[in-house]
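Subject: Structure handover

Hello,

Please find the structure below, followed by notes on what turned up in it.

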Amino acid sequence: MIYARDNYSQKELTNYNIGEGLSSFSQLSVTENLTKIDLPLSFTYRFGRGNLNSFIRVGGMVSFLTSASLTPTRIQPGLEPISDEINILQNRQKYYYSLVAGTGLEYKVPRGFIVLDIRYNIGMQNLVRTDSRFSSQRHLYIDDDFKLNTLSVCLGYHFRIYQSKKSRL
């Protein structure tokens with residue numbers, strides 16, 4: 001079975017205490033928010049014949065980054081934290097690719113299935129655009145290379161909208 005769908009998701013990455021070596025009187029923590037649209041395409045093999053069936057899934061995914069922001073927070077003893085949000089979409093790859101691998105269980109219930117789906121997405125490329133890495137050095141922060149790998153566990157219910165009928169010929 002070929003399985004395709006779209007997915008909207010938001011990821012948050014946080015690095016703590018980045019700036020300890022730069023200054024003895026302050027610390028820097030950085031939170032990055034990525035919003036993206038995923039378009040996975042996978043092949044699913046189902047096995048089992050009773051009420052409980054298993055499946056495995058392999059495929060790929062194209063992701064389109066719609067927004068990216070960085071919120072550095074400088075913490076100094078005795079002072080309020082200093083923080084602002086920076087748009088860094090121009091410093092990230094607009095499109096990136098992932099491999100998808102997964103497994104799961106389907107339990108047949110009246111009019112559908114209860115599904116447990118476990119997936120691991122393996123990022124295939126660096127999300128940081130290396131040509132713009134040094135374009136903004138506010139807060140003495142420079143991006144490291146990173147790939148986005150995710151593990152997801154989903155519990156859901158699948159139901160059929162249309163039930164085919166056997167034709168008499």
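Predicted model: local features only at pLDDT ≥ 70, side-chain atom pairs only at ≥ 80, totals over all residues.

Residues are numbered from 1 along each chain as its sequence is written, and side-chain values use heavy atoms, with hydrogens and water left out.

Overall picture

The protein has 0 helices and 9 strands; helices (H or I, at least four residues) and strands (E, at least two) are DSSP runs, numbered from the N terminus. Of the 169 residues, 34% are buried. Here buried means under 20% relative accessible area, exposed over 50%, and partly exposed in between, with a 1.4 Å probe and protein chains only. A contact means heavy atoms within 4.5 Å. Among contacts with a separation of 6 or more, 65% are between residues 24 or more positions apart.

Lys36 is in strand β3 (residues 27-47) and is buried, at 4% relative accessibility. Its side chain makes a polar contact with the side chain of Asp38 at 2.8 Å. A polar contact is a pair of N or O atoms within 3.5 Å; within protein, one must be able to donate a hydrogen and the other to accept it, and residues adjacent in sequence count only if both atoms are side-chain atoms.

Asn121 is in strand β8 and is also buried, with a relative accessible area of 11%. Leaving out residues up to four places away in sequence, Asn121 touches Met61, Ser98, Leu99, Val100, Leu148, Asn149 and Thr150.

Salt bridges

How many salt bridges does the structure hold? There are 6, a salt bridge being a side-chain nitrogen of Lys or Arg within 4 Å of a carboxyl oxygen of Asp or Glu.

Glu32 pairs with Arg92, with the closest N and O atoms 2.8 Å apart. Glu32 is in strand β3 and Arg92 in the loop between β6 (86-87) and β7 (95-109), so the pair ties together parts that are 60 residues apart in sequence. Both ends are buried: Glu32 has a relative accessible area of 5%, and Arg92 is at 2%.

Asp117 and Arg57 form another salt bridge, at 3.9 Å from N to O. Asp117 belongs to strand β8 (residues 112-123) and Arg57 to strand β4 (residues 52-75), so this pair also ties together parts 60 residues apart in sequence. Asp117 is buried at 9%, as is Arg57 at 5%. Arg57, Asp117 and Arg119 are linked in a network of salt bridges.

Arg129 and Asp131 also meet in a salt bridge, at 3.0 Å from N to O. Arg129 is partly exposed, with a relative accessible area of 27%, whereas Asp131 is exposed at 62%.

Two further residues

Thr73 is in strand β4 and counts as buried at 18% relative accessibility. Thr73 and Leu28 are 45 residues apart in sequence but 5.6 Å apart in space, C-alpha to C-alpha. Beyond its neighbours within four places in sequence, Thr73 is in contact with Gln27, Leu28, Ser29, Pro81, Ile82 and Ser83.

Arg111 is not a glycine, yet has a positive phi of about 70°. Most residues other than glycine have a negative phi. Arg111 is in the loop between β7 and β8 and is exposed, with a relative accessible area of 77%.

Regards
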